Amino acid sequence: MTGVPASAAGGSAKAKGPVTSAGSVSGGASGASGGAKSARSGKLAAAAVDQASVWNIANLLTMLRLVLVPGFVALMLADGGYDPAWRSLAWAAFAIAMITDLFDGHLARAYNLVTDFGKIADPIADKAIMGAALICLSALGDLPWWVTIVILGRELGITLLRFIVIRYGVIPASRGGKVKTLTQGVAVGMYVLALTGWLATLRWWVMAAAVVLTVVTGLDYVRQAIVLRRQGIAERRAASEEADA
């Protein structure tokens, strides 16, 4: 009789075994499902944060600069484009645009507000306000067209070059480039104002310095792009050879 209970007990133990195993599998599946849901919710939350981060102070300043472009053109060309009062207002709009250009980049870097939108919109806003000012000045006969062509040709060319080599890396803004931007802003601002006398002569020299810096820094960016591309190709080749090995 002792064998029967023992057999029954063994059968009972075996019967409990699958139940425990199934419970374990069910718990693992539930955990995996919960983990997947958590991962998906985490991705959605990250995407929401990235989307919200577009509306930060740095990007708003960039948008303001874009909005100022048509306003600047309207003020610049008002009343034939030679009224000192309208030109002063146009200068104020241009000055605000240049100031926002200094602040938006600083804020983006200092407070980690760099976004893909900012990377694209910021250089577009810079070129738009500068291009509008140069074209208006040349159209009014205040600035030779060749100066406008050299400056805008360089700016558009370097922007295009940055996009071409972005697969290999980013060309950082150099100190010379920052000095060039400041000199261009001062020179164009002086031309926007209806200056006379020695100030009119001074602005010519400031613009000459801006043109020189424009060409020199442009050539330096071309050199950096060539080096970056060569390094990128070499790294990809080395990675491919390592993968094949």
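User: What should I know about the model before reading any values?

Analyst: It is a predicted model, in which local features need pLDDT of at least 70 and side-chain atom pairs count only at pLDDT 80 or more, while totals for chains, interfaces and linings use all residues. Residues are numbered from 1 along each chain as its sequence is written, and side-chain values use heavy atoms, with hydrogens and water left out.

User: How many helices and strands are there in the protein chain?

Analyst: Helices (H or I, at least four residues) and strands (E, at least two) are DSSP runs, numbered from the N terminus. Here the protein chain has seven helices and zero strands, giving the pattern α-α-α-α-α-α-α along the sequence.

User: What share of the residues of the protein chain count as buried?

Analyst: Buried means under 20% relative accessible area, exposed over 50%, and partly exposed in between (1.4 Å probe, protein chains only). Of the 245 residues, 33% count as buried. For contacts, the criterion is heavy atoms within 4.5 Å. Among contacts between residues at least 6 apart in sequence, 75% join residues at least 24 apart.

User: How do I read a pair of packed helices?

Analyst: Two packed helices are described by the angle between their axes and the distance between the axes. Axes are lines fitted to C-alpha atoms, for helices over the stretch in contact, and angles run from 0 to 180 degrees between N-to-C directions. Angles under 35 degrees count as roughly parallel, over 145 as roughly antiparallel, 65 to 115 as roughly perpendicular and the rest as oblique.

User: At what angle do helix 4 and helix 6 pack?

Analyst: Helix 4 (residues 116–139) and helix 6 (residues 175–192) pack at about 40°, with axes 10 Å apart. The two are therefore oblique to each other. Their crossing is left-handed, a term for the near helix being turned anticlockwise from the far one by less than a right angle (right-handed if clockwise). Helix 4 makes the contact through Met130, Ala133, Leu134 and Leu137, and helix 6 through Gln184, Gly185, Val188, Tyr191 and Val192. By class, this contact of helix 4 with helix 6 has seven nonpolar, two polar and no charged residues. In that scheme Ala, Val, Leu, Ile, Met, Phe, Trp, Tyr, Cys and Pro count as nonpolar, Asp, Glu, Lys and Arg as charged, and the others, Gly among them, as polar.

User: How do the axes of helix 3 and helix 6 cross?

Analyst: The axes of helix 3 and helix 6 cross at roughly 170° and come within 9 Å. Helix 3 is therefore roughly antiparallel to helix 6. Residues making the contact include Trp91, Phe94 and Asp101 of helix 3 and Thr181, Gly185 and Val188 of helix 6. By class, the contact of helix 3 with helix 6 has seven nonpolar, three polar and two charged residues.

User: And how do the axes of helix 5 and helix 7 cross?

Analyst: The axes of helix 5 and helix 7 come within 10 Å and cross at roughly 25°. Helix 5 is therefore roughly parallel to helix 7, and the crossing is left-handed. By class, the contact of helix 5 with helix 7 has twelve nonpolar, three polar and two charged residues.

User: Which residues of the largest nonpolar core touch the most other members?

Analyst: A nonpolar core is a set of buried Ala, Val, Leu, Ile, Met, Phe, Trp, Tyr and Cys residues joined through side-chain atoms within 4.5 Å. In the largest one, of 31 residues, they are Phe72, Met76, Phe94, Val188 and Met207. Helix 4 gives the most to this core, with seven residues. Leaving aside neighbours within four places in sequence, Val188 is in contact with Phe94, Met130, Ala133, Leu134, Leu137 and Met207.

User: Is Gln184 buried or exposed?

Analyst: Gln184, in helix 6, is buried, with a relative accessible area of 3%. Not counting residues up to four places away in sequence, Gln184 touches Met130, Ile151, Glu155, Ala210 and Thr214.

User: What does Asp126 touch?

Analyst: Asp126 sits in helix 4 and touches Arg65 and Asp101, not counting residues up to four places away in sequence. At 18% relative accessibility, Asp126 counts as buried.

User: Where is Asp79?

Analyst: Asp79 is in the loop between helix 2 and helix 3 and counts as exposed at 60% relative accessibility. Its phi is near 55°, a positive value in a residue other than glycine.
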